[in-house]
Amino acid sequence: MDELYEIQFTHMCWSISELIESSKHLTTIEMQTPHPVGPPPGSYQSLVSHLIHVMFFFADTFEGRDHEPRTALQQECMTPRGMQDTLAIAEAELRRAVAAHVRRHPLSTPLNFEWMGERINGYTALAYLFQHAAHHSAECVHVLRLLGHVEPALWPINWAANRSRGGPYSFLCGPEAGD
C-alpha cells in the first residue's frame, strides 16, 4: 500500500489504542453508562468496542465475504486489556485483507459493500473506514469530557510526536522516524 494509506491506518489504530488507554482510568460504571452518542447503548465501552469491531467488518468486505461478527471477541471488549488484544487481532486481519485485495485487484474495483444502492470501491471503503473511526473517536472524547476525565489528544500531530518517542505504531512512520 502507499504511504498515505499506511499513515492513515496507523494513526487510526494508534488513536483507538489511546482511547483504550484512557479507559483504564474509568470505573466499571463509567465504562458502561449509556450516553446519547454513537450506536446504542452509547457507553464508552460500547463505542470503543464498535470502533474495533468495524475493522472486522471491513476485513470481511475486502476479503469479499459476508460479514461474520466475531461474537467471542465481543465479550473480550469488556475490559481495557481485552479491547487492546482484540484491536491487535482486528488490525492484523484488516491489514491482511486489504493487502490480499490489493494484490488481486486495484482499489478502484467495486467491493461487496453497498451504500444507498451502489457498490463502493476500495478507495471509498478506506475513506469511509477512516472517517468512521474519526467520528466515533470524537464521540469517545466527548464521553470522557462528560465524565470529567482528561481526553487523549488524538490529532495526527500528536501521533507524529509519539513516533519520535518510539511509542506504539511508530515503526510505520517511515525512515525518518526517531531522527
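Author: Happy to! Two residues are said to be in contact when heavy atoms of theirs lie within 4.5 Å. Please keep in mind that this is a predicted model.

Let us look closely at helix α3, starting with Ser46, which has its place in that helix. Setting aside neighbours within four places in sequence, Ser46 is in contact with Pro39 and Pro41. Its relative accessibility is 13%, so Ser46 counts as buried, because the cut-off for buried is under 20%. Gln74 is 28 residues away from Ser46 along the chain, and the C-alpha atoms of the two are separated by 9.6 Å.

Gln74 comes up again with another residue of this part. His53 is also found in helix α3, which covers residues 44-63. With residues up to four places away in sequence not counted, His53 touches Gln74 along with Arg70, Leu73, Cys77 and Thr86. His53 has a relative accessible area of 11% and is therefore buried too.

Now for the wider setting. The largest nonpolar core has 43 residues, and Phe62 is among those with the most contacts inside it, together with Met12, Tyr44, Ile52 and Met55. Two or more residues of this core come from each of α1, α3, α5, β1 and α6 (122-146). Helix α3 gives the largest share, 11 residues. As a general background, nonpolar side chains tend to be buried together in soluble globular proteins.

Two of those contributors also pack against each other. Helix α1 (residues 3-23) and helix α5 (residues 80-104) have their axes 9 Å apart, at an angle of about 170 degrees. That angle is over 145 degrees, which means α1 is roughly antiparallel to α5. The residues of this contact divide into 10 nonpolar, 4 polar and 3 charged. Among them are Phe9, Cys13 and Ile16 in α1, and Met83, Leu87 and Val98 in α5.

Finally, a word on β1, another contributor to the core. Strand β1 (residues 110-115) runs antiparallel to strand β2 (residues 118-121), and 3 bridges join them. Trp115 has Glu118 in β2 as its bridge partner. The hairpin of β1 and β2 has 2 residues between the strands, and Met116 takes a positive phi near 55 degrees there.

Technical notes:
Residues numbered from 1 in each chain as written. Predicted model: local features only at pLDDT ≥ 70, side-chain atom pairs only at ≥ 80, totals over all residues. Heavy atoms only, no water. Helix = DSSP H or I, 4+ residues; strand = E, 2+ residues; numbered from the N terminus. Buried < 20%, exposed > 50% of the residue type's maximum accessible area, 1.4 Å probe, protein only. Axes fitted to C-alpha atoms, helices over the stretch in contact; angles between N-to-C directions. Parallel < 35°, antiparallel > 145°, perpendicular 65-115°, else oblique. Nonpolar A, V, L, I, M, F, W, Y, C, P; charged D, E, K, R; others polar. Pairing = 2+ DSSP bridges. Core = buried A, V, L, I, M, F, W, Y, C linked by side-chain atoms within 4.5 Å.
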